[in-house]
Amino acid sequence: MIGRLIAIRLRSLVTAVGGKRKDGTVSRPSVWKLLLLGVLFLWLGATFVGLFTLLAIGMGMTMLPLGQGDMFYGLFVIISFSLVFILSIFETKSELFECRDNELLLSMPIKPSHIVVSRIATVLIYNYVETATVMVPAIAVFAVFDGSPLGIVGGILAFLMLPLFTTALSSGVGYIVAEIAKRIKNKTLITTLLSLAFFVAYFFVYTGLIGDAGAMEETEDSLAITIPYIPAIGFIGSVATNVLGMLVLAALSVGTAYVAYRIISERYFAITRAESVVARREYKAKRLVRRSALVALTGKELRRFFSSSVYILNAGMGVIFTVVITALAVINSTDFAYAIEALGMPAEATSVVFVLGLILSSGMTMISASALSLEGNSLWIPKSMPLSAKTVLLSKLAPHLIVSVPVTLICSVILMIAGKATPLEIPFYIITPVLTNVMFALFGLVMNVAFPKFELINDAQAVKSSAPVFLAMIFDIIWTLAASGIGILLSMFGMPLLAHTVLLLLTLLLTALLALILFIPCARKYDRIGV
Amino acid sequence: MLKIQNLTKKYGEKCAVDNLTLEIAPGEIYAFIGHNGAGKTTTLKACMGILSFDEGNIFIDGKSVLDDPMYTKQITAYIPDNPDLYDFLSGVKYLNFVADVFGVETSLRNERIATLADKFGLTKDLAQPISSYSHGMKQKLAIISAWIHSPKLIIMDEPFVGLDPKASFILKEMMREHCERGGSIFFSTHVLDVAEKLCDKVAIIKDGRLVVSGSMDEVRGDESLEEVFLELLGGEEE
């Protein structure tokens with residue numbers, strides 16, 4: 001039974017890249033679509049593997065000849081755990097407890113524990129892929145620079161065990177959030193805040209560790225004095241370098257996974273079938289005021305966004321990152337100035353770097369990329385109403401802009417003040433980041449119209465695991481890298497104003513092109529989508 | 001009011017609706033019956049312009065759903081077989097949203113929501129999120145939203161499913177009143193007793209092809225609608 005349930009979940013993942021034919025029937029993803037996504041996945045995977053390989057070579061060359069295999073593996077285990085944990089934490093709760101077929105499965109003679117295993121299997125598969133991007137380069141580098149068979153076997157064992165441990169922990173966090181949310185009134189707000197609290201705690205620990213790891217290569221002698229938890233990193237690394245450590249890791253991973261599985265299985269029915277604790281408010285008639293169709297649609301879209309913690313946490317994180325990046329830039333503005341000088345750039349390049357920071361964080365907002373798919377079974381409502389495709393698409397675009405643009409604008413002004421912007425730089429500080437938000441929103445929606453997915457097992461499928469979100473993410477990464485390349489290169493040649501101008505013009509051009517694509521071919525495509 | 005001309009709809013090789021022609025005049029209640037998978041829902045969706053078709057045309061109030069969809073949708077209301085509404089909205093917010101899209105005047109919407117919600121006993125639940133509604137409550141809300149902009153034509157797919165006896169009675173009353181005011185109703189149903197008592201005309205469809213259509217008396221003759229239906233479709237009804 002578990003096998004069949006897992007097969008159903010995996011099939012739904014494959015069909016997530018499918019869509020609807022013109023006549024409204026569900027299509028299998030075409031070979032070309034699968035091929036394109038496969039190539040993009042490989043490219044993304046290769047990029048990350050390449051980055052982690054470079055990191056591993058850098059650290060391995062310094063540490064491994066000195067016999068610091070423990071430290072080397074310790075850092076990679078921490079990086080791998082942190083990366084995978086943060087990527088899975090927001091998804092696990094939704095995957096476990098918020099699937100639309102919960103009622104159907106629970107009404108069948110299927111043990112809740114089997115449902116739990118099948119739900120978590122998808123997250124576990126993702127986690128194995130993500131762990132591989134970090135740990136495989138580390139193991140390879142260890143094999144080249146150290147070559148100890150025990151360390152290689154230990155590295156492989158760590159790779160096999162870590163996803164189990166991470167998945168168990170993220171399931172545990174998801175379970176705790178679900179248990180708390182079950183007992184409270186404003187589920188969305190509390191779930192979002194709790195998840196963010198876990199995220200912030202993680203962020204502080206992680207950035208602290210990474211910062212210290214950076215210092216490691218330079219100030220090896222003073223490590224024990226400046227970083228009190230260095231022995232702990234070594235201890236963590238020992239899970240891959242000695243037999244006892246390996247046994248501890250295996251026991252810890254399997255044990256944690258088993259405990260999480262038992263607890264969640266026991267409580268699964270109670271959590272998924274929990275009655276709402278919200279007291280039924282009796283309706284008191286109020287005068288309802290007429291609004292335009294576009295305002296009504298936008299209001300509805302905003303309510304959809306703010307009523308789903310899954311949507312907020314997976315698609316709206318860019319807004320939080322914008323604030324974080326701005327705060328970091330303001331706090332470390334002196335360091336920035338030194339770094340810019342060290343790179344041989346003029347002081348005016350600060351404004352380019354600040355704008356690039358805002359472009360980077362804007363790319364993490366993905367609200368529009370799933371806005372159409374989230375109509376799901378309710379698509380008949382807008383389709384049967386006298387609404388033009390343009391009105392519907394505008395309303396799908398609006399929440400992305402309403403959520404991201406004001407924050408970006410405020411942060412732009414703060415950075416403008418912190419960077420002591422000249423009058424010439426001010427328009428670039430304001431327009432480029434805002435326009436980038438518009439461009440990313442347009443691209444996400446264009447992708448969603450091109451690859452809509454209405455048969456959803458839960459919201460997370462549209463918000464996190466769908467083709468449009470993946471494609472939008474890749475586009476945002478490529479754009480950020482290209483913009484950074486152009487901006488930094490021109491600044492290094494002493495032309496920061498030209499860098500600003502080129503970035504703005506390119507953004508403007510692409511935004512206009514995407515707007516055309518959205519409101520002409522995409523609008524036609526929307527009209528053809530059948531219910 | 002509604003004219004379906006030689007409608008053909010194929011899903012790949014399968015012909016879901018084959019050369020269907022029907023006409024519904026103002027003031028008529030028209031029942032559309034057939035076994036599961038006969039092509040009823042496909043036809044109703046095509047009439048709403050939410051599903052494309054391969055051949056033929058559909059006219060509402062003289063305008064083609066292909067050429068002037070904004071007009072035809074403005075004067076039509078649709079209730080699907082499964083009322084998947086916006087779960088994240090409350091009942092009243094959903095109704096207000098529908099009223100906004102159809103441009104219903106402030107005073108009219110307030111009056112209609114109050115009257116219709118009261119009729120279906122839904123008033124006290126209007127502040128609740130739709131996610132907390134039962135199937136029947138969602139169906140009632142979908143019915144209220146269909147009536148809120150006073151459409152000329154109402155298209156309903158199995159509207160009585162999930163309704164309690166009182167709500168079914170109220171819906172039948174509303175359907176009659178709507179047609180007395182010159183409106184038209186085209187709906188599919190498996191409840192043949194209701195169709196027999198309520199409708200002016202009936203069409204029976206089998207495997208996408210129209211088997212018989214006409215006034216209830218013509219179609220039924222001396223038999224009950226159930227007997228005619230079973231004779232025509234060979235007892236295939238599940």
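In this predicted model, Ile60(B) stands opposite Lys63(B) of strand β5(B). The two strands concerned, β4 (residues 55-60) of chain B and β5(B), pair in the antiparallel sense over two bridges.

This pairing belongs to an open sheet of four strands in chain B, with the order β2-β1-β4-β5 and antiparallel pairing. The edges of the sheet are formed by β2 (14-24) and β5 (63-64) of chain B, each of which pairs on one side only. Helix α1 (residues 40-48) of chain B lies across β1 (2-11), β2 and β4 of that chain, and runs at about 120° to β1(B).

In chain A, how do the axes of helices α20 and α21 meet? The axes of α20(A), residues 467-492, and α21(A), residues 496-528, come within 7 Å and cross at roughly 155°. Angles over 145 degrees count as roughly antiparallel, and the two helices α20(A) and α21(A) are therefore roughly antiparallel to each other. Their crossing is right-handed. On the side of α20(A), the contact is made by Phe475(A), Trp479(A), Ala483(A), Ile486(A), Gly487(A), Leu490(A) and Ser491(A). Helix α21(A) contributes Pro496(A), Leu498(A), Ala499(A), Val502(A), Leu503(A), Leu506(A), Thr507(A) and Leu510(A). By class, this contact of α20(A) with α21(A) has twelve nonpolar residues, three polar ones and no charged residue.

Most residues other than glycine have a negative phi. Glu158(B), however, has a phi near 50°, a positive value in a residue other than glycine. Asp207(B) likewise has a positive phi, of about 50°, although it is not a glycine.

| Residue | Phi | Loop in chain B |
|---|---|---|
| Asp207(B) | about 50° | between β9 (201-206) and β10 (209-215) |

Are these two residues buried or exposed? Glu158(B) has a relative accessible area of 11%. Since buried means under 20% relative accessible area, Glu158(B) is classed as buried. Asp207(B), with a relative accessible area of 41%, is partly exposed.

Key:
Residues are numbered from 1 along each chain as its sequence is written. Chains are lettered from A and ligands numbered from 1 in the order in which they are written. This is a predicted model: local features need pLDDT of at least 70, side-chain atom pairs count only at pLDDT 80 or more; totals for chains, interfaces and linings use all residues. Side-chain values use heavy atoms; hydrogens and water are left out. Axes are lines fitted to C-alpha atoms, for helices over the stretch in contact, and angles run from 0 to 180 degrees between N-to-C directions. Angles under 35 degrees count as roughly parallel, over 145 as roughly antiparallel, 65 to 115 as roughly perpendicular and the rest as oblique. A crossing is left-handed if the near helix is turned anticlockwise from the far one by less than a right angle, and right-handed if clockwise. Contact means heavy atoms within 4.5 Å. Ala, Val, Leu, Ile, Met, Phe, Trp, Tyr, Cys and Pro count as nonpolar, Asp, Glu, Lys and Arg as charged, and the others, Gly among them, as polar. Two strands pair if DSSP finds at least two bridges between them. Buried means under 20% relative accessible area, exposed over 50%, partly exposed in between (1.4 Å probe, protein chains only).
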